[in-house]
Amino acid sequence: MDSLDSIFKEKTHLIEERNKNLPPLISKKRKEIKDAVKLKSDLKKSTAFVKKLKMINSDGLQQCIRECETLNLNLYVSEIVTSLLEMNIKATDIPGMVKLCTALHVRYEEFIDPFITSLKETVLKPLQTGNEDAAKQRRLQIRLLIDLYQVGLFDDIELFRSLLINVTGKTKP
């Protein structure tokens, strides 16, 4: 019974997050943030933030989320995307990564499209056989994509069809 309750709570949370990330609400949040908050444009802190993304763990993700809310990172969005893609993800980091991606998506309209596009390309690339670390990273990247889809940061269902075809090695019907 406890497992059913936890599954129900998790699904309820995902639905709430997805509803928060609907385009009209995101646009409204961006306007409110733009009108209300003066973000710091400190070059040293911004570059340190981008460098920190490459080497963070689940604790560091929480700190990055807080920093993301205070720094003006408009000029660094492409570097942030690259850093997040180069990161060695652990399974425990995925919920934090989803929160960080959500926070960046709310603040920076130009973040999510290049991030999702690059992540899709990485995941759909053929894997070299025998490379266990690459296979593990691929599984974690797919899980990240699924979680980002569940919270509503993108809605390309065709990606999952392509992934299934890619993973199973079957050709299109």
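This is a predicted model: local features need pLDDT of at least 70, side-chain atom pairs count only at pLDDT 80 or more; totals for chains, interfaces and linings use all residues.
1. Residues are numbered from 1 along each chain as its sequence is written, and side-chain values use heavy atoms, with hydrogens and water left out.

2. On the overall fold, the protein has nine helices and zero strands, running α-α-α-α-α-α-α-α-α from the N terminus. Helices here are DSSP runs of H or I with at least four residues, strands are runs of E with at least two, and numbering goes from the N terminus. The radius of gyration is 17 Å, close to the 16 Å from the globule rule for 173 residues, so the protein is as compact as a globular protein of that length. That radius is taken over C-alpha atoms, and the rule is 2.2 Å times the number of residues to the power 0.38. Along the principal axes, the C-alpha atoms fill a box of roughly 50 × 40 × 35 Å.

3. Burial next: 38% of the 173 residues count as buried. The cut-offs are under 20% relative accessible area for buried, over 50% for exposed, and partly exposed in between, using a 1.4 Å probe and protein chains only.

4. Have a look at helix 4 (residues 58-68) against helix 6 (residues 94-107): they pack at an angle of about 10°, with axes 9 Å apart. That makes helix 4 roughly parallel to helix 6. Axes are lines fitted to C-alpha atoms, for helices over the stretch in contact, with angles from 0 to 180 degrees between N-to-C directions; under 35 degrees is roughly parallel, over 145 roughly antiparallel, 65 to 115 roughly perpendicular and the rest oblique. From helix 4, L61, Q62, C64, I65 and C68 meet G96, M97, K99, L100, A103, L104 and R107 of helix 6. By class, this contact has eight nonpolar, two polar and two charged residues.

5. The structure holds four aromatic pairs. Rings of Phe, Tyr and Trp (its six-membered ring) pair if their centres lie within 6.5 Å; planes under 30 degrees apart are stacked, over 60 edge-to-face, and the rest tilted. F111 and F115 have ring centres 5.3 Å apart and planes at 15°, so they are stacked; F111 and F115 are both buried. Y149 and F154 sit with ring centres 5.7 Å apart and planes at 65°, so that pair is edge-to-face. Y149 is partly exposed at 22% relative accessible area, whereas F154 is buried at 9%. Ring pairs also link Y149, F154 and F160 into a cluster.

6. F160 turns up again in helix 9 (residues 158-168), where L159, F160, L163 and I165 are buried. The buried residues of helix 9 pack against helix 7 (112-124) and helix 8 (132-150). After helix 9 comes G169, with a positive phi near 80°.

7. Two spots to check by eye. E79 lies in helix 5 (residues 77-86) and is partly exposed, at 36%. E79 and I94 are 15 residues apart in sequence and 20 Å apart, C-alpha to C-alpha.

Notes. Contact means heavy atoms within 4.5 Å. Ala, Val, Leu, Ile, Met, Phe, Trp, Tyr, Cys and Pro count as nonpolar, Asp, Glu, Lys and Arg as charged, and the others, Gly among them, as polar.
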